[in-house]
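Please look through the model below before reading on. The paragraphs that follow go from an annotated stretch of the chain to the overall fold, the domains, the ligands and some points of backbone geometry.

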Amino acid sequence: RFADVAQAPPDPILGVSEAFKRCTDPKKLNLGVGAYRDENLKPMVLDVVRKAEAKIFAANKDHEYLPIEGLDTFRKATIDLLLGAGHPAIKDDRVAVIQSLSGTGSLRVGAAFIARFLPKGTTVYISNPTWGNHRNIFADENVEWKYYRYFDADTVGLDFKGMVEDLKAAPAGSVVLLHGCAHNPTGVDPTADQWAAIADLCKERNLLPFFDVAYQGFATGDLDKDAFAPRLFVDKGLEVMVAQSYSKNLGLYGERVGAMSIVTSDKDAATRCLSQLKRLARPLYSNPPTHGARIAAEIVNDQELFTEWKAEMMGMAGRIARVRGELQAALEAKYPSKDWSFVTRQIGMFSFTGLTPAQVDNMTNKHAIYMTRDGRISLAGLNSAKVDYLAEAMIDSVRN
Ligand code: PLP
Ligand code: TYF
């Protein structure tokens with residue numbers, strides 16, 4: 001019965017962490033997973049998270065089930081964070097928000113919603129490349145997906161023309177998955193004007209934008225600026241789906257804190273959409289976890305903690321920006337004839353280095369630097385002390 005079950009392949013990103021753990025080389029460096037590390041390359045718990053937890057423990061709360069749709073104060077905080085408190089869509093009750101299992105679980109509930117409530121055969125267009133799990137999430141819900149062009153390796157920038165051509169060719173009613181900010185894995189986002197053009201195209205072609213917001217705060221360090229794209233689309237009158245995650249910006253990775261929202265054009269539709277999101281969640285996991293939602297709600301709904309969070313967020317984004325600058329300078333000093341400017345042009349946690357799979361193997365096998373085979377490095381896993389070592393390994397790898 002079970003003897004014939006085939007071995008599943010490891011996750012291309014989380015598998016890198018497993019290999020890193022097994023490695024005994026003292027020089028080893030994990031630039032695989034997109035998880036923030038402090039300057040000592042240790043996982044970090046934000047001070048505001050500690051403070052919120054102290055408040056929660058002091059209040060002696062119980063461990064009852066949350067409602068299927070999650071914690072009310074969390075749901076409010078999360079949509080306020082996305083659209084800005086007092087946004088007309090929130091005031092008009094046009095948003096269905098369900099707390100779900102972080103970004104991944106929220107995307108999955110969204111995929112289930114697409115499978116059940118959008119016309120049969122609706123295709124989701126995802127960027128090429130994208131976070132590897134996007135494909136699995138839609139495929140496992142039997143939702144068809146196709147790539148749209150996104151990254152231009154020659155310019156190490158956005159292939160905006162290709163993206164627009166592909167979206168123009170998508171059948172009306174298709175879903176377009178967009179990274180809210182800090183595109184994973186490329187670190188390349190559309191400009192404000194390009195976002196506006198994409199929004200107009202979605203409107204003209206009746207495409208449904210589905211934002212994956214996993215890095216709000218990590219692009220610019222500013223939570224509001226990083227919500228520019230979803231806010232613009234909603235302000236242009238588009239209905240959107242949004243999956244949000246607090247894994248990165250609050251460092252709540254293992255607590256599974258996030259939400260799936262649908263911004264509709266009328267209140268009754270939002271009420272019905274929420275009822276169906278709850279219906280989808282019930283047989284999947286029944287109701288979401290409590291602790292992380294309480295933490296996020298405490299922080300976003302409390303002026304003082306919220307202000308502190310913004311400062312800590314700026315600190316994390318600032319550290320990443322600093323090591324980016326240092327890495328680029330080291331690469332330029334050691335190999336001046338090559339253009340390394342992409343390192344600081346890219347934003348968010350990642351740099352897409354252009355290293356080929358064979359070069360990545362050299363990084364790992366010869367230099368004990370762990371990264372994904374698509375050539376992505378997580379700058380959150382780099383510190384000043386390791387910059388030279390990384391730069392030398394990269395140059396050794398591109399020269400061989
Ligand atoms: N979407 C993108 C683009 C990501 O990089 C990630 C990874 O963190 C997620 C979604 C989901 O992460 P989580 O399920 O931890 O919130
Ligand atoms: O891209 C990353 O590194 C993060 C973390 O299945 C992650 O998004 C990676 C793989 C995965 C879940 C989270």
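In this predicted model, residues 27-393 form a span whose end C-alpha atoms lie 12 Å apart, and its secondary structure comes to 46% helix and 16% strand. These residues are the ones that the UniProt annotation "domain: Aminotransferase class I/classII large" covers, according to an unreviewed entry, and that label is reported here as it stands in the record.

Taken as a whole, the protein contains 15 helices and 13 strands. Its radius of gyration is 21 Å, close to the 21 Å that the globule rule gives for 400 residues, so the protein is as compact as a globular protein of that length. The C-alpha trace spans about 60 × 55 × 55 Å along its principal axes, and 47% of the 400 residues count as buried. Among the contacts with a sequence separation of 6 or more, 75% are made by residues 24 or more positions apart.

The domain assignment gives domain 1, made of 14-45 + 307-395, and domain 2, which runs over 65-301. Where the domains meet, 22 residues of domain 1 are in contact with 22 residues of domain 2. On the side of domain 1 that touches domain 2, helix H12 (303-334) and strand E11 (350-352) each supply at least two residues, and H12 gives the most, with six residues. By residue type, this side of domain 1 divides into 13 nonpolar, six polar and three charged residues.

Two ligands are part of the model, and their surroundings can be described in turn. Which residues surround ligand 2? The shell is made of Asp11, Ile13, Leu14, Val33, Gly34, Trp131, Asn133 and Asn184, and by type these residues divide into four nonpolar, three polar and one charged. Both domains take part in this shell, since at least three residues are drawn from each of domain 1 (14-45 + 307-395) and domain 2 (65-301). Ligand 1, for its part, is surrounded by 13 residues, of which the closest are Ser102, Gly103, Thr104, Ser245 and Ser247. Helix H5, residues 102-117, gives the most to the shell around ligand 1, with three residues, and the shell divides into three nonpolar, nine polar and one charged.

The backbone itself has some places that deserve a careful look. Most residues other than glycine have a negative phi, and most peptide bonds are trans. Against that background, a cis peptide bond joins asparagine 128 and proline 129, with omega about 5°, and proline 129 is found in the loop between strand E3 (123-128) and helix H6 (133-140). The peptide bond from asparagine 184 to proline 185 is also cis, with omega near 15°, and proline 185 has its place in the loop between strand E7 (175-179) and helix H8 (192-204). Asparagine 184, on one side of that bond, is one of the residues that surround ligand 2.

Positive phi values occur at asparagine 60, where phi is about 50° although the residue is not a glycine, and at valine 156, where phi is likewise about 50° in a residue that is not a glycine. Are these two residues buried or exposed? Asparagine 60, in the loop between helix H2 (47-58) and helix H3 (72-83), is exposed, because 6 other C-beta atoms lie within 10 Å and the limit for an exposed residue is 12 or fewer. Valine 156, in the loop between strand E5 (151-152) and strand E6 (157-158), counts as buried, because 21 C-beta neighbours lie inside 10 Å and a buried residue needs 20 or more.

Conventions. Residues are numbered from 1 along each chain as its sequence is written. Chains are lettered from A and ligands numbered from 1 in the order in which they are written. This is a predicted model: local features need pLDDT of at least 70, side-chain atom pairs count only at pLDDT 80 or more; totals for chains, interfaces and linings use all residues. Domain bounds come from an automatic or database domain assignment. Two residues are in contact if their C-beta atoms, placed from the backbone, lie within 7 Å. Helices (H or I, at least four residues) and strands (E, at least two) are DSSP runs, numbered from the N terminus. Ala, Val, Leu, Ile, Met, Phe, Trp, Tyr, Cys and Pro count as nonpolar, Asp, Glu, Lys and Arg as charged, and the others, Gly among them, as polar. A residue is near a molecule or strand if its C-beta atom, placed from the backbone, lies within 6 Å of it. The radius of gyration is taken over C-alpha atoms; the globule rule is 2.2 Å times the number of residues to the power 0.38. UniProt positions are given in the numbering used here, feature names are shortened, and annotations may be inferred rather than shown by experiment.
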